[in-house]
Amino acid sequence: MKIIIIGLGKVGMALAAELCDEENDVTVIDKKEELVEDATGQYDLMGVTGNGASHSTQVEAGVESADLLIAVTGSDEINLLCCLMVKDGSKCHSIARVRNPEYHSEAAYIRDKFHLSLIINPDMAAAMELARNLRFPSAIDVDSFVKNRVDILKFRVREDSLLDGLRIADLSGKVHQNILICAIERGKDVIIPDGNTVLQGKDQITIVAGGYDANQFFRQVGIVTNQVKNIMIVGGSPMAYYLAKLLGAVGMRVKIIEKDYGRCEELSEMLPKATIVHGDGTDKDLLSEEGIEDYECFAALTNIDEENILVSLYAKKLGGQKKIITKVNRIAFDEVIRELDLDTIIHPKDITAEMIIRYARAMNNTYGSNVETLHKIIDGKAEALEFIIRGQSRVTEATLQELPIRKGILVGCIYRGGKIIIPRGSDRMQIGDSVIIVTQEKGLKDIDDILSHSL
C-alpha cells in the first residue's frame with residue numbers, strides 16, 4: 001500500500017518506522033531537510049522536503065496514486081489543510097491529527113467537511129486510556145477490547161505471593177476465575193507461556209479477562225483492587241483537561257496544579273467541578289500543602305518529560321498504595337525509565353500510532369476479518385489484536401488444538417453472544433465471534449494470518 005506521511009515529529013517518525021516494517025511503500029514530507037534525510041537514512045522510504053499543505057508538494061510525493069495520506073504536523077490547521085488538498089473522488093484516504101480541545105466537539109462536522117477518513121485527538125485518546133486504567137489501579141497497563149467488555153491487564157507478581165513459583169497449569173486449582181495468562185516479562189525476556197511455565201516474583205504478567213473476572217482474580221491473589229476516589233494532577237495540559245473531565249463526570253475528586261495563571265483561569269471555567277491550584281507542581285512544599293499524601297492517585301502530565309519523571313519519583317517515595325501515572329513524550333531511554341518502577345507510563349505518540357496502524361491494516365485487507373482494535377503491549381514487544389470473524393475462513397474449520405496456529409501466537413479470548421470464553425483446545429471460532437490474538441509478530445491483517453500455510 002502506498003502511504004504518504006506529512007510531518008516528521010515524534011508520531012511521524014514512529015509511523016514511518018512501523019509502516020515501513022510492514023512493507024508498505026512510504027513517502028514522507030517535511031519542511032525540514034534534516035528530518036527528511038534522517039528518515040530516509042534510517043528507513044526504506046522516499047522523502048520530499050517541502051510544505052505538505054501544498055498541492056504541488058503532494059503531487060511530487062505521489063498523492064495521485066497514493067492509498068493513504070496521514071497528516072501529523074504540529075499544527076491542527078495545517079493537518080486539516082493537507083487533507084483538504086486531496087482531490088474529491090480520489091482513492092486516497094486521509095487521516096488528520098487534531099489536538100485543540102475546541103475542535104473536539106466539532107469532530108464529526110470537521111471529518112465530514114474535510115472528507116477525512118479518520119480524525120485523531122491524541123490527548124483525548126490518552127485520557128480515555130488512563131480513565132480505563134484507573135478501574136484497576138494495581139495494574140500497570142490496561143487495554144480494552146470488544147467495546148470495553150474484555151481487558152488485557154499487566155501487573156507485577158509480588159515475591160512470596162500466591163503466584164510466585166506457581167506453574168500455570170496449576171493456576172485453576174488455586175484461582176477459580178475465567179482468566180488467561182498470555183504473556184510474561186522476565187527481565188529483558190518476553191515469554192508466551194504454556195501450562196508448564198512457572199511464574200516468578202518480579203515477573204510482569206499480562207492477563208486477558210472480563211472486568212468482573214479480573215477484579216475477582218486480583219482479590220484472590222491478594223492484589224488491592226479498590227478504585228481510586230481522588231486524583232492530584234500536575235500540569236494543566238490538554239490531556240489533563242480531558243482526564244479531569246472524564247473523571248469528574250463519574251464523581252471523582254480532581255485537583256490540578258498548574259504554574260501558568262492564564263491556563264488556570266481557562267481550566268477553572270472549563271472544569272467547574274475540579275479544584276485548580278496556581279503553583280509549581282515540582283515544589284515539594286506546595287505538594288505537601290495541597291495534601292499529596294491524601295490522594296489515591298497522582299498523575300504527572302506536564303509537557304516536560306523530566307519534570308514528570310522527577311515529580312512521579314517523589315510521589316512514589318511517599319509510599320502507600322498511591323497509583324502513579326507519568327506522561328512521557330520524547331525521552332528514548334525506555335529501559336532506564338522502566339527500571340524506575342513508575343507504575344503506569346503513558347506515551348501519547350504510541351496511542352496515536354496504534355490507531356493509524358490499525359486503520360492502515362484494515363485498508364490493506366479489503367476482504368475478510370479486519371483488525372478492529374490494536375494495542376501494543378509489553379512495551380511494544382508484542383501486539384494484542386481484535387478481529388471479528390465475518391464469514392467462513394480457515395480458522396472456523398477446526399478446533400483450536402487442530403488448527404496449525406503459528407508459533408508465538410496465542411488465541412487469548414473469544415467473545416460470543418455476550419459471553420467471554422477463555423479458549424481451550426476443544427473450542428472453535430465461529431462466524432460473528434470477536435477474537436483477541438496476542439502475538440510477538442507484527443503485521444497481522446486478517447484472522448487467517450495466525451495460521452501456517454498448510455491446514
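I began with the second largest cavity, where helix H7 (122–133), strand S7 (141–145) and strand S17 (344–346) each supply at least two lining residues. Helices (H or I, at least four residues) and strands (E, at least two) are DSSP runs numbered from the N terminus. The model is predicted, so I kept in mind that local features need pLDDT of at least 70 and side-chain atom pairs pLDDT 80 or more, while totals for chains, interfaces and linings use all residues. Residues are numbered from 1 along each chain as its sequence is written, and side-chain values use heavy atoms, without hydrogens and water.

Which residues line the second largest cavity? I listed Glu129, Leu130, Asn133, Asp141, Val142, Asp143, Thr344 and Ile346. A cavity here is a set of points on a 1 Å grid over the protein atoms alone where a 1.4 Å probe fits but cannot get out, and lining residues have an atom within 4 Å of a point. By class I noted three nonpolar, two polar and three charged residues. Ala, Val, Leu, Ile, Met, Phe, Trp, Tyr, Cys and Pro count as nonpolar, Asp, Glu, Lys and Arg as charged, and the others, Gly among them, as polar. Its volume is about 30 Å³.

**The largest cavity**

This one has about 40 Å³. I found Phe155, Arg156, Val157, Arg158, Ser161, Leu163, Val221 and Ile223 around it. They divide into five nonpolar, one polar and two charged. Volume means the space filled by probe spheres set on the points, which are joined across faces, edges and corners.

**H7 against H10**

Next I checked H7 and helix H10 (residues 238–249): they make contact (heavy atoms within 4.5 Å) through residues including Met124, Leu130, Tyr242 and Leu246. Of the contact residues, twelve are nonpolar, none polar and one charged.

How values were computed. On a 1 Å grid over the protein atoms alone, a cavity is a set of points where a 1.4 Å probe fits but cannot get out, and a pocket is an open set with protein on both sides within 12 Å along at least five of seven lines; lining residues have an atom within 4 Å of a point.
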